[in-house]
Structure formats: structure tokens, C-alpha cells
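Please look at the sequence and the model before reading on.

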Amino acid sequence: MFHSRFGHFDNTHPSGSSFVITDHDTPMPWVNVICNGRFGTVISQNGGGFSWYDDAQHNVLTRWEMDLVRDCYGKFLYLADRDAPLDAPDVWSLAPAPCRRPFDEYSCTHALGSTTFRTLRSGIRSTWTLSVDPKDPVEVWCVELTNTTRKPRSLRIASYFEWTCGVAPDVKREFHRLFFDVAFDESANRRAIVATKNMWDIRPKTEREHWNVAWPYVAAHSVAGVQFDRPLAIADKATFLGKYGTTASPKAMLARDIAALRQAGFGRFGDASASLGGDFTIAPGATVRLHFVLTIADDTRTCLSQIDKYSDESVAWDTANRAGEFWNKLLSATSIRSGRTDFDLLNNHWLPYQALSGRMWGRTGYYQQSGARGFRDQLQDSQVWLPLDPAGTLRQIMLHAERQFVDGSVYHWWHALADFGNHTACSDDYLWLPFLVGNYIRETGDYSILKKTAPFVDSKKKAPILEHCKLAIQRAFKRTSKRGIPFIGSCDWNDGLSAMGIDEKGESVWVGMFLCDVLSNFATILDRAGDKKTAARYRSKQAAYIKAINKHAWDGKWYKYGTKDSGEWIGSSRSPEGKIHLNAQTWSILTGIAPEDRAAAAWDSVKKHLLSPYGPLLLSPAYTIPDPTIGYITRYSPGSRENGGVYMHAATWALATACKRRDIESVARIWKSISPPTRGQEADSYFAEPYVTPGNVDGPLSDKPGRAGWTWYTGSAAWLNRVSLEWILGIRPTWTGKGEAGLLIDPVVPAEFGEVEATRTWRGRKIRIRFDSRSFIASQPAQVTIAGSGSPIPGGILTESLLKNLSPGDVLDVQITWGAPRAADSGPSEAKPARSTAAVARQAR
């Protein structure tokens, strides 16, 4: 499945849920981010990576250096052949790093919740599985060693990593090492290294001084499963590596006599590290099993109780199974089977796994060790919960509402543990709160969320979520220019446009379009909630924004993006660079702001200027000369990230737009151009992991067009999953004419998808949709019928009244064909008011 010279998807059940790397010399590190919501680890195919708890920047357990060229820092397992000659020592690592010795056999399998290395060297076959328990803050390494030779083998095994126990990156090591206290616990049959630190490099608001609070946790590392002939336990980097030693050839693995290493380097005066293992013998053909544990707790007693729990082999060795079962059960609420295997495996497994494990829970990756929560970022990511378990979206909404100020502004991002955030003049952040609340209500019908309360950053007085949303919308109203276009402030969704509106004069056409979608959705909600006065006001405001955008922002063939403080337009045909921006075109269509003639022209311009073989470009042409009046986007190398590259987050909106236009050729073209499994078959030019989405792909002015990067930590995973389900498969919640919600079934699926079967949970009921994509006709609407019923469902919308007699355990079978000419469609909010948007736009012209 999707082979390249570096690996392939595993075709076992569940199909495509693991990727097997067979050549570790990948163009960039290919990693797995495994997180249970609090404890997490990231591991590359080389064995590089780190572990953390709650915050991947401020509460990191193990030391790591962001060096994607060498990928040489991580948590390692070593083996040494004790019978090797003194002048030809044989020491290797169970993953390629750090020893870099050649293997006779090698594979690394990244799966949901675990990573497994399988190697053969010097007659020793090894299997090393790393996993994180779904509930406990515990990382388990299960190791199996088999002697494939005909003689006994005397071996030494040892783990090794450096403690961080606090803030990363730990670059001031000679300072930080002075605060560690590392002890060895061998009571109650334990072999555990216990680490604490007397200083935490953040200052809680309750403290007046910096560097005057202890790290409030206890970490431990243990080994169990083997009775070593001569055990070793080392807690000091210099003792393990040796003076001027290297991780590739550590002194402790070369020493003939390790009696002095039975318990070495403990206390408060070493460079805190952890190494456990010892010497043992394997008979010919025999297998030895052992396991290592890494854990953290609030106190020593709890920490050691977790060590004791996982010293039980049955508990430890079942961790990877429990993790796999957890993820498979969580993601089973939706399932897809079609003729495009990449579409299926991404949406069944990898996209929601990436969005949850990497982006929402871990909030980290190899390209960005963040740990922070972005107000707009994780709110958008939480959309992944809607078809799986909407309660997850609700939790995220309540969490973010507490990071709003009473004036409606919000933290751009914040760190919960360090308790600080970045309060900016960004113009779109706060609008994502009503956007998500609207999506949540449309999905669930749960209007009670509007009455739930949350405090503000600057006031402990709690206010209903409805009030939080109104404050956000009102702030957008206040931050609007005299001619009716919202100010861009310090940036909009495109953070790199960081200087256009610092004087609160520059405008963002895209924010105006986004605001119109929010107003359309929320007006419908307020009608149902009984606040018809505010609903009418929002519709009036929406019409005014539409009129202003169409009056001032149309450039003849596409929509301009915005203005600088000086009044100069960007994203205009008259701009020297950055003449056309993707988001202004896609959102004009998705929201229905553009009249049909302009929508057609804008989409044609996207196809002409922005669609590339490696995805839709965010803008074109790229900026080649830094412009301090636009922002740092112009300082990126041309074709990088937002500067004329494919920014995958926005590319998913282009894919939705192609579906909205019912442009089946562009749907197929865009999907193929951004699908990681498809692009990853040409791995030497694609570079990134083929099983998760990248944040960006280099554009045509780059020296490596099509090169992907910034994987895992990107909002594109949740959005591509949503667009796949709601726009390509066309299964999306929508408002009916009565202000009620229903589930619209309206696929726009290329013929190569063949026969499609998709199951989606909506309001606690499973609905199974079947159709043959080869019969799709763009000019005709989908004819939706319930199996066994001859008459089509009006409008192709499944309402709750149709589902009310369906028991939670039952499945409603729906068949789709294509029939009579279709009517106009609505935008992302699918609100009836949005249907009149085009008419308002025509009137404005």
C-alpha cells in the first residue's frame, strides 16, 4: 500500500493504521506523536525524540535538541557483545540512533499509540515497542531479544537518556544541572531511578521571584523482567559516556568490569541522566524479555506505585494493545470504504489521530516543540470531535472561553502550566469561539451550551457562553473601518501579515468574509433561542459587510485581500508581489458572498494562478523582497510556508470550495496534489511523512518545489478530515428552512472513488451511506433514499423526525443516486440566511 523506497502502509486489519519504515535513511525524520491527553512521547524512525507531561515545552521529562539533520538526541537502548575482542568492540543501539551501526534487518512501525523497532545484528534479533498507556502517565518500552546463533551470547543492555524535568530547550545545562537530585530505589524488588529538581524555570503568579520554585513533580525510570548477572544503574552523563565520550560509543557499554557501575552518579552533583540494565546471557535459540518504564507523578509515593504496577509483566506488555484498542474504539464512530485507499486510511485513522494525539493533546511535533494552546488553533482542531464524540468539542469551547477578556479579545496563545499568554490585536482569534459554538449546536442540537458559564481572564465573574460569543462578535463590529471592512490589526488568520494593521487602519477582506459566515450561523441559532432582535441585527450587519466587500474589494477577476495602514491594497493585480491570495477567493464562495459571475471568475483565477501539482498555493507570486509594511511573511524565503507555498490548512478550504463549485475535476486534482500517501510515493522529493499532513509544502520559487514540512503540529489534519466527510462525501449538518438542523447528504466524489460506503454517527445514531461515484453528475442533485423506501428524501436532508424511531444501536442505510437539476447551495454554515447572501451581493452591485 503506497510503497516508496523507504516504506509502506501495513495492509493488516485495521487496514492502513500503521506505517512500516524499511529504510531509516528517510529524507527527514519520520515520527510518531503518542499522547494520552497528558503524558506524551515523540519518537522518530532513528530513535530520536522526547517525553513530556501536560506541556511539551514547560514540563519536559527527557532532554532533546531540535536538529532534524542529525536527529541524534533521544532515549536510547544499547546492546554490547561482551565476547567481542577488546580491539574490535561491538556496541549497537536497538534503533539506528545513536550508534548508527548497520543492521542486517531493520524496520520501524509507527502505529496508533505505539512505535516498534525490529532489527537484526550480530545474530541478535530485537523487538523494541514504545507505547503510552491510554490512562496512566506511563511510557513503556517492551524489549524482546532472540539469539539466532548456535552458541550462548553474553550481552550487556542499557537504557540512556538525560533528564530535563522542566522547561525545554535546556540550553543552559551547566546552570540547570545544579538543581537535580537523583536517587536509586531498589527496595521491594524495584530497580528505579527517581529524579527531582529543586528549580522550575517558570514563575507562577503566586511567586515574586524567578528561579525560586521547585519543579512540582517526581519522575522515575525502571527496568524489570531480567535478573542481571551484573546490573548497572547510572545517573550521571559523564559516568555513562566517559570524559569527552559520545553517545555513539559510551564508556559504560565498553567497560569489561561494571562492578563500579552497579550504582553510580547518584545525588545532587552529577549531570542528571538515567541508565539501567546490566549483563546477561542468552542460550542458543532462546529469547529474553524485559521492559523499561518512564513515569511522572505529583509525589514520590504515587510515582513509585506506578513503577510497581508496571513491574508486572502482564500489565507492561499489554500497554501497546490497550493503546491500540483505545484509538481504534475512539475513531470507530466514522468509517469509510472506497476505491481510493489513501482517502480511506487517512480519514479512518491518521487524520483524526494526528489532530488528537499530536495537535490537541500533545501540541507538539518535530518541527515545533510548543505545548501552548492557540485560541483559534485548538478550537478549530476540536472539530475533529464532532463526528466522534461532540463532548470533546464542548470541553474545548469551555476551556477557551476562559481565555477571553471582558472586551471580547482573547489570548492569541497561552501556556496553562506557566499561566501566561500572548494578548494581541489579532483580528480573527475571538471569532472562532462563536464559529465553533455554532458548529457544535448544528451538530448536536444542544442549545444548553449557550447557558453554560465561564469566567474571563480579567474577571472572575462568570458569563454565559452566549454572552462570550456576543462579546466576540461585538468586538469585530467595533473593529471595522468606516467603509465597512474589518480591521486586520496585528494579523488575521495569516499570522505573517503582521504589520498591515498595527495602527488599526489596515483592513482584512478575509475577516469580513469569515465574520459573515459567523453572523449567518449565529443569527439562525439566536432565532431558535428566542433572541430575534439580535438575530435581525446580525443579518443586517451581514448584509452591510457583504455590500462593502463587493463594492471595495473586487479587483476584476478576483477579490483583493486587504489594505495596509497606508490604504494600499495587497492581493491585487496592481500589487508588485502577492497579487492573488487564496483565502479571499475560497471564502467568498464558501460563504456565498460572491455573486455567481464573480464566484466563477474568482474560482477560475484560483485554478489559473494558484493550483499547482503539489497543492493550492496560499498566494502568488511569492514575495521576494521583504516589505516591513506587510509583515514577516515577506521575510520568508520565496515559496516557503505562507510566502507562496502551499499552506495545507488553507488548501483544505480550496478543496471544499471545489466541492461547493461541483468542479469534480478540481476536486480530484486537489486531492491528489495534497494527499500525503500519494505524494509520499515520490518520497525523495516530498520529504515528509506520508501518513500525516504537513503544515506546508514549498511553492514554485523554492529550490525544492513540492517539499513538505512542519508535519504533525498543523491544523490541516482536522480540517482535511472535516472537508473529506462534509464536502467530498457530502455528509454534513445543515439548517433547514424551519431553523432546525438536519444531515445533508450531497457527495461530490470523483469517479476514481468507485463504490463508496461511509458510516457516520449523528446525534447518537449511525447512518450508513452507499453510492457509486462513477454515476455522479455535477449538474444534478443527489437523490437520497432510505433503504427499502422508494421515495427520495426532500432536499437530501435527514431530519431528526426521520431518525426518531431509530434505536441507538441500529444503523440507517441510505442509498444515493443522481437525478433532477439542483438548486443553489449554501456556505460553510449551511444557513438559510446565507442562501440570500448572493442576492444581497447582486443588489449591492
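How many aromatic pairs does the structure hold? The structure holds 53 aromatic pairs; rings of Phe, Tyr and Trp (its six-membered ring) pair if their centres lie within 6.5 Å, and planes under 30 degrees apart count as stacked, over 60 as edge-to-face and the rest as tilted.

## Basis of the values

The model is predicted: local features need pLDDT of at least 70, side-chain atom pairs count only at pLDDT 80 or more, and totals for chains, interfaces and linings use all residues. Residues are numbered from 1 along each chain as its sequence is written, and side-chain values use heavy atoms, with hydrogens and water left out.

## Aromatic pairs

One of the pairs is Phe-9 with Phe-19, which is edge-to-face at 4.9 Å centre to centre with 85° between the planes. Phe-9 belongs to strand β1 (residues 7–9) and Phe-19 to strand β2 (residues 18–21), so this pair ties together parts that are 10 residues apart in sequence. Strands (E, at least two residues) and helices (H or I, at least four) are DSSP runs, numbered from the N terminus. Phe-9 is buried at 1% relative accessibility, and Phe-19 is buried with a relative accessible area of 1%. Buried means under 20% relative accessible area, exposed over 50% and partly exposed in between (1.4 Å probe, protein chains only).

Trp-215 and Tyr-217 form a tilted pair, because their ring centres are 5.5 Å apart and their planes stand at 55°. Trp-215 is buried at 3% relative accessibility, and Tyr-217 is buried at 9%.

## Charges over rings

Arg-641 has its charged end over the ring of Trp-710, 4.2 Å from the centre. Arg-707 lies over the face of Phe-687, 5.8 Å from the ring centre. A charge sits over a ring if NZ of Lys or CZ of Arg is within 6 Å of the ring centre and within 35 degrees of the ring normal.

## A three-stranded sheet

Three strands form an open sheet in the order β36-β37-β41, with antiparallel pairing. Its edge strands, β36 (731–735) and β41 (797–799), each pair on one side only. Two strands pair if DSSP finds at least two bridges between them. Neighbouring strands of this sheet are turned by 35° against each other on average, direction ignored.

Five bridges join β36 to the antiparallel strand β37 (residues 741–745). Arg-732 stands opposite Leu-744 in β37. Helix α10 (residues 432–444) lies across β36 and β37 and runs at about 100° to β36. Contact means heavy atoms within 4.5 Å; axes are lines fitted to C-alpha atoms, for helices over the stretch in contact, and angles run from 0 to 180 degrees between N-to-C directions.
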